[in-house]
Every structure is written in structure tokens, then in C-alpha cells.
Amino acid sequence: GLLLLRQARRSEEEAAQKTSFVANVSHEFKTPLTTIRLYAELLEQGRVRDAAQGGDYLRTIARETQRLARLVNTALDFSRLEQGQKKFAREPLDLTAAVTRLLDTHGPRVAEAGLTLRRDLPATVLSVTTDRDALEQIVINLLDNACKYAAGGGEVTVALGLRPAGG
């Protein structure tokens with residue numbers, strides 16, 4: 001009887017976690033969708049002052065669409081991890097170049113959030129063997145969290161370096 005009670009409690013906790021996860025994911029999807037819809041409607045209705053502003057709106061739509069795609073991929077990855085089906089494609093990678101490219105791509109979004117992006121990256125190649133997509137997701141998640149929780153001022157520093165003992 002005790003084992004059944006314990007299993008029932010565990011099942012309830014898992015159900016509550018899944019419900020919370022779905023609610024959080026739904027909320028995260030809603031933000032980029034709202035932004036995309038707003039800017040698309042403004043463009044459709046011709047309520048854009050000039051071509052530069054229209055270009056800004058289109059760039060925002062593109063960024064938010066990319067963000068939405070990342071959110072969907074993250075949700076799918078959680079599902080794969082839970083089912084033990086997530087496979088990582090490890091490959092040699094220049095970590096400095098990969099992080100530089102990510103910061104170049106996502107720097108404007110950090111600036112839009114009112115944050116200053118500071119880089120502390122080595123001038124040399126840092127070679128690692130890793131899953132490129134997983135690395136990108138980690139960096140993007142960190143930048144997203146900085147934008148979400150520190151928006152409106154402050155500095156985000158991204159630093160890379162070798163540890164004295166390696167790594």
C-alpha cells in the first residue's frame with residue numbers, strides 16, 4: 001500500500017510539472033507571436049512612417065520568428081531528452097569564432113533590451129569538440145535570460161578562456 005501511495009504522489013508531481021511546463025512554454029510562445037502580429041498588422045495597414053521604420057519592423061519580425069523557432073526546438077528537445085532519444089552531434093569547433101558569430105547575430109536584440117554587450121574573448125582559436133546546436137542553444141538561452149531579467153539597463157559580459165587545469 002505504501003508503494004502505491006508513493007507512486008501516486010510521484011505521478012501527481014510529474015503531472016503538475018508537465019502542466020507547469022506547458023503553461024510556461026505557452027507563455028514563452030505568446031510573446032514573440034504578439035510582437036510578430038503587431039508589426040505585421042502595422043505593415044499591412046500602411047501605418048509605417050518611412051522605409052527605415054518598415055525595415056526595422058521586418059527585422060524585428062524576422063528575429064521574433066527565429067526566437068519562436070528556437071522555442072519550438074527547445075520544447076522538442078525536452079521531449080527527446082525525456083524519452084532518451086536526444087542525440088548530440090559532436091564535432092570539432094572553434095569556440096571563439098562560434099560565440100563571436102552568435103554575439104554578432106544576437107547583439108542587436110540585447111541592445112534593444114537596453115543592455116550593453118561586452119565581450120571578453122581570446123584572440124586565439126579555442127578548439128573544442130561539442131554539439132554546435134547545443135552550444136548555440138546555451139548561449140542564446142543565457143542572452144534571452146539576460147534580456148528578460150535585466151532589461152532596461154546594465155551590462156552583459158560574455159567571457160571565454162581556458163582554465164588553468166584545462167577545460
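A residue counts as buried under 20% relative accessible area, exposed over 50% and partly exposed in between, with a 1.4 Å probe and protein chains only. By that scale E13 is exposed, with a relative accessible area of 51%. This is a predicted model, in which local features need pLDDT of at least 70, side-chain atom pairs count only at pLDDT 80 or more, and totals for chains, interfaces and linings use all residues. Residues are numbered from 1 along each chain as its sequence is written, and side-chain values use heavy atoms, with hydrogens and water left out.

**Overall build**
- The chain has four helices and four strands, where helices (H or I, at least four residues) and strands (E, at least two) are DSSP runs numbered from the N terminus.
- From the N terminus on, the order of elements is α-α-β-α-β-β-α-β.
- The C-alpha trace spans about 70 × 50 × 30 Å along its principal axes.
- Of the 167 residues in the chain, 26% are buried.

**Surface patches**
- Like charges are joined within 9 Å, and nonpolar side chains (Val, Leu, Ile, Met, Phe, Trp, Tyr) within 5 Å.
- E12, E13, E14 and E82 form a negative patch.
- Helix α1 (residues 2–44) gives the largest share of the negative patch, three residues, and E13 is in helix α1.
- F21, V22, F78, L81 and F88 make a nonpolar patch of about 490 Å², by the Shrake-Rupley method with a 1.4 Å probe.
- L81 lies in helix α2 and is partly exposed, at 48% relative accessible area.

Key. Patches are made of residues with over 30% relative accessible area and no salt bridge: like charges are joined within 9 Å, nonpolar side chains (Val, Leu, Ile, Met, Phe, Trp, Tyr) within 5 Å. A salt bridge is a side-chain nitrogen of Lys or Arg within 4 Å of a carboxyl oxygen of Asp or Glu. Lys and Arg count as positive and Asp and Glu as negative; His and the chain ends are not counted. The place of a charge is taken as NZ of Lys, CZ of Arg, CG of Asp or CD of Glu.
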